[in-house]
Amino acid sequence: MADFLARLDATARRIETPCGEGRMAWRLWGDADAPPLVLLHGGSGSWRHWARNIGPLSRDRLVVCPDLPGLGDSAMPPPAETPAPVAAILLAGLADLLPGRPYDLCGFSFGALLAGHLAAQADGRLRSVTLVGAGALGLPRQVTPLKKVRSETGEARLAAHRHNLATLMFADAGRIDALALEIQEANTMAARFRSRGFASTTSLKDAIARARAPVALLYGERDAIAFPEIERRFAALREVQPEAWTGLVPGAGHWVAYEAAESFNAMLADMLARRFAPA
């Protein structure tokens, strides 16, 4: 499975932009002239959260995946009390990577929160924003007790990863495969920025209210942070974005883009093709 990730990484074009006192790493796949689709990964994650989506989506799009500040290969951002300054770093990076070009934006979990704040700051080049597995809509999230991993080794460490994936990320623990465990280990090793404290706030709802681009919100049907009140989250979004599009992927959990990759890829691609067709 590590070979799969290494091969995928090797096919990317890597670009760096400023981030705090260091650099932020971006990876790009697909035709450089294709319409850009920017994917923001989840908390304690990296570009690897999109491992099962990059190939299919890059057939028709220029897929742009950063490692978010303080995660993966990217430097820590300056201290900030809200996600807005972190989103500003992303927006500045996109201006360098995609000068003058329209783009679509899709963010997962913590990446959804940053996508909302980026959308609040973006100009007309942002064509659409899709939020996946989003928190911070002003509703309490379900409790997902996770096991500490950093002090564990060997089989105990693997078991802790499996427990955390089953508790938070997957609806069906039987779908946790070797690749998911490899991604979880790589992400955990590189994670420095802590984002969980934002999830129970109204930060995303407040930010996405200011978005001028069309908004969509997707969940896996059994998302651990939202189930069984996903409809309340759709309603919360529509309070500030009445025309928002919403969707559910049947039988999937929080990491819907991995657990139900084929369905997720089809839903996202179809939505972008039909509702946000390139001008």
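**Close-up views of a predicted model**

**View 1. Cysteines without a partner.** The count of disulfides, taken as pairs of cysteine sulfur atoms within 2.5 Å, comes to zero. The model is predicted, so local features need pLDDT of at least 70 and side-chain atom pairs count only at pLDDT 80 or more, while totals for chains, interfaces and linings use all residues. Residues are numbered from 1 along each chain as its sequence is written, and side-chain values use heavy atoms, with hydrogens and water left out. The closest cysteine sulfur to that of Cys65 belongs to Cys106 and is 9.6 Å away, too far for a bond. Cys106 is likewise in no disulfide, its nearest cysteine sulfur being that of Cys65. Relative accessible area is 1% for Cys65 and 0% for Cys106, and each is buried (under 20% relative accessible area; exposed is over 50% and partly exposed in between, with a 1.4 Å probe and protein chains only).

**View 2. The largest nonpolar core and Trp255.** A nonpolar core is a set of buried Ala, Val, Leu, Ile, Met, Phe, Trp, Tyr and Cys residues joined through side-chain atoms within 4.5 Å. The largest one has 91 residues, and the members that touch the most others are Trp50, Tyr103, Leu118, Leu131, Ile208, Trp255 and Phe264. For Trp255, neighbours within four places in sequence are left aside; its contacts (heavy atoms within 4.5 Å) are then with Arg48, His49, Phe108, Leu165, Met169, Phe170, Ala180 and Ile183.

**View 3. Aromatic rings around Trp50.** The whole structure has eight aromatic pairs. Rings of Phe, Tyr and Trp (its six-membered ring) pair if their centres lie within 6.5 Å; planes under 30 degrees apart count as stacked, over 60 as edge-to-face and the rest as tilted. Trp50 and Phe108 have ring centres 6.5 Å apart and planes at 80°, so they form an edge-to-face pair. Trp50 is in the loop between β3 (36–40) and α2 (54–57) and Phe108 in strand β5 (residues 103–108), 58 residues apart. Helices (H or I, at least four residues) and strands (E, at least two) are DSSP runs numbered from the N terminus.

**View 4. Arginines over ring faces.** A charge sits over a ring if NZ of Lys or CZ of Arg is within 6 Å of the ring centre and within 35 degrees of the ring normal. Arg52 lies over the face of Tyr258, 5.2 Å from the ring centre. Arg222 lies over the face of Phe227, at 4.1 Å from the ring centre.

View 5. The structure holds 14 salt bridges, each a side-chain nitrogen of Lys or Arg within 4 Å of a carboxyl oxygen of Asp or Glu. In one of them, Arg27 meets Asp9 at 2.7 Å, N to O. This pair links strand β2 (residues 22–29), which holds Arg27, to helix α1 (residues 2–10), which holds Asp9. Arg27 is buried at 2% relative accessibility, whereas Asp9 is partly exposed at 28%. Salt bridges link Asp9, Arg14, Glu16, Arg23, Arg27, Asp67 and Asp73 in a network.

**View 6. A salt bridge between two helices.** The closest N and O atoms of Glu185 and Arg157 are 2.8 Å apart, in a salt bridge. Glu185 lies in helix α6 (residues 178–190) and Arg157 in helix α5 (residues 154–169), so the pair ties together parts 28 residues apart in sequence. Glu185 is partly exposed at 24% relative accessibility; Arg157 is buried, at 11%.
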